[in-house]
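Let's take a walk through a protein structure together. Keep the picture open beside you and look up each part as we reach it.

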Amino acid sequence: MSEPRIISVDGVELTVLVQCKRVKHLNARLHGMTVNVSVPYHASRDEVEQAIPELARTLLRRARASRVNREEDAVALARRIAARFPQPPEVQGVAFVTTQRSRWGSYSAATGTIRLNAVLHQMPRWVLEAVVAHELAHAVHLRHSDSFWGLVRRVCPDTDRANAFLEGVSWLAGSWQRLPPV
């Protein structure tokens, strides 16, 4: 086992403990603020060093999403927003997830489940509400038609403001590495 070391991931300092074991693949577990990494004997040092930050980031995001799902009753929020619809869509569950990379949310009318990008929890409440309204509106209109947008704006008057906010966030996230230092 190597000596413990500290890394910074998304502004969070984590202790990393690496141990060679009889495992087929590189594995990691997060225990508090410590990342325990199991490494197969055949893995190269470079391979391990490259993988650790991404594994730690994934574990940290999962832990945040899990904490967010425990802290807030997102189902109650979604049901309050659904009640604003002329015919309220069913809401059985809401989950903040870290696996959505290209969308802010999704809604399954079959299960009544809304999945939301975990990053939304850190944004202003009116943005979260607009995304929930947007996803629930898909229970009525599958496409982003004029009728769809009219319904979303009636249910959530902050929709256009939230869309502009999210477009700005998306642009900044995609451009951050190319921007000059401030």
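**Where two helices meet**

Trp149, Val152 and Arg153 in helix H4 meet Thr159, Asp160 and Asn163 in helix H5, where contact means heavy atoms within 4.5 Å. Helices (H or I, at least four residues) and strands (E, at least two) are DSSP runs, numbered from the N terminus. Before going on, please note that this is a predicted model, in which local features need pLDDT of at least 70 and side-chain atom pairs count only at pLDDT 80 or more, while totals for chains, interfaces and linings use all residues. Residues are numbered from 1 along each chain as its sequence is written, and side-chain values use heavy atoms, with hydrogens and water left out.

How do we describe such a pair? Two packed helices are described by the angle between their axes and the distance between the axes. H4 and H5 (residues 159–175) pack at an angle of about 105 degrees, and their axes are 9 Å apart. That makes H4 roughly perpendicular to H5. Axes here are lines fitted to C-alpha atoms, for helices over the stretch in contact, and angles run from 0 to 180 degrees between N-to-C directions. Angles under 35 degrees count as roughly parallel, over 145 as roughly antiparallel, 65 to 115 as roughly perpendicular and the rest as oblique.

Arginine 153 and aspartate 160 also join their side chains in a salt bridge, at 2.9 Å from N to O. A salt bridge is a side-chain nitrogen of Lys or Arg within 4 Å of a carboxyl oxygen of Asp or Glu. Arginine 153 is partly exposed at 38% relative accessibility, and aspartate 160 is partly exposed at 41%. Buried means under 20% relative accessible area, exposed over 50%, and partly exposed in between (1.4 Å probe, protein chains only).

How many salt bridges are there by this rule? The count comes to six. One of them pairs glutamate 129 with arginine 84, whose closest N and O atoms are 3.8 Å apart. This pair links distant parts of the chain, with glutamate 129 in helix H3 and arginine 84 in the loop between H2 and S5, 45 residues apart. Arg84, Arg125 and Glu129 are linked in a network of salt bridges.

Now turn to helix H2 (residues 74–82), where the buried residues are Ala74, Val75, Leu77, Ala78, Ile81 and Ala82. Seen down the axis of H2, these buried residues fall within an arc of 160 degrees, so they line one face of the helix. The arc is that of the directions from the helix axis to the C-beta atoms. An α-helix has 3.6 residues a turn, so residues three or four places apart point the same way. The buried residues of H2 pack against strand S5 (93–97), strand S7 (113–117), helix H3 (125–137) and helix H4 (146–155).

In strand S5 you will find valine 94, which is buried with a relative accessible area of 15%. Serine 106, in strand S6 (residues 105–108), is buried as well, at 16%. Leaving aside residues up to four places away in sequence, serine 106 touches Gln100, Thr113, Ile114, Arg115 and Glu135.

Cysteine 20 is partly exposed at 42% relative accessibility, whereas cysteine 156 is buried at 3%. With a disulfide taken as a pair of cysteine sulfur atoms within 2.5 Å, the count comes to zero disulfides.
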